[in-house]
Amino acid sequence: MENIHRHFLKIQFLSSGAGNAVLNSLFFWAGNREQNPLSFPAAAVDVFITCIFVTLLVTLPTVHFTRKALQAGMPLWEQKCRIDRLPGKRWALCLVLWLFSTVAMEAVIAGIYAANGWRPIGFHVLLLLKFLWCGLLGGSLGALVGAKYLRPGKPERPTPLHGDAS
């Protein structure tokens, strides 16, 4: 991986992570202004909905900005890797990442509640956890989507600027 790719993916990780950490924490606070503790079923539904927002807020803008970077002359990432197994269409990629992130985060939240004896967890603890895991999840998905679209030969390749075929 070249330095230009590494730098681009770091920017995607940081911007996607920071944006998702702030936005999803804000949505969580706005949806629970009474700051009541949440039971496991309520937290599981919240995680399910949050994973939809995270994947949409990350996948679609990251695809757009990666396409713009490629149009501006960023070289493709030619090295073989496992990321080629992911779908190339943005909506299919979004769906796969949503399913994966939902299963992973539901398992994490179930583990947290199991460690707490399945008792409701306080609002501020969940807000902090949501800030951290939305940041990590959003950043990871942003870097993954960016890396996927830096690969050569994808079905949704960007068209050259101004119709230039070179």
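**Helix pair α2/α3**

I began with the contact between α2 and helix α3 (residues 90-115), whose axes come within 8 Å and cross at roughly 145°. I took axes as lines fitted to C-alpha atoms, for helices over the stretch in contact, with angles running from 0 to 180 degrees between N-to-C directions. The helices are DSSP runs (H or I, at least four residues), numbered from the N terminus. I noted the crossing of α2 past α3 as right-handed, that is, the near helix is turned clockwise from the far one by less than a right angle. I sorted the residues of this contact into 18 nonpolar, four polar and three charged. Ala, Val, Leu, Ile, Met, Phe, Trp, Tyr, Cys and Pro count as nonpolar, Asp, Glu, Lys and Arg as charged, and the others, Gly among them, as polar.

**Basis**

The model is predicted: local features need pLDDT of at least 70 and side-chain atom pairs pLDDT 80 or more, while totals for chains, interfaces and linings use all residues. Residues are numbered from 1 along each chain as its sequence is written, and side-chain values use heavy atoms, with hydrogens and water left out.

**Salt bridges**

I looked up salt bridges (a side-chain nitrogen of Lys or Arg within 4 Å of a carboxyl oxygen of Asp or Glu) and found two in the structure.

K130 pairs with D46, the closest N and O atoms being 2.5 Å apart. This pair links distant parts of the chain, with K130 in helix α4 (residues 123-149) and D46 in helix α2, 84 residues apart. I checked accessibility (buried under 20% relative accessible area, exposed over 50%, partly exposed in between; 1.4 Å probe, protein chains only). K130 is buried at 2%, and D46 is partly exposed at 22%.

R151 and D84 form a salt bridge at 2.8 Å, N to O. R151 lies in the segment after α4 and D84 in the loop between α2 and α3, 67 residues apart. R151 is buried at 3%; D84 is partly exposed at 28%.

**Largest pocket**

I then turned to the largest pocket, which holds about 160 Å³ of space. A pocket here is an open set of points on a 1 Å grid over the protein atoms alone, where a 1.4 Å probe fits, with protein on both sides within 12 Å along at least five of seven lines; lining residues have an atom within 4 Å of a point. Both D46 and K130 are in the lining, which also includes F27, F28 and F53. α1 (3-31) and α2 (40-71) each supply at least two lining residues, and α2 gives the largest share, five.

Terms used. Points joined across faces, edges and corners; volume = space filled by probe spheres on them.
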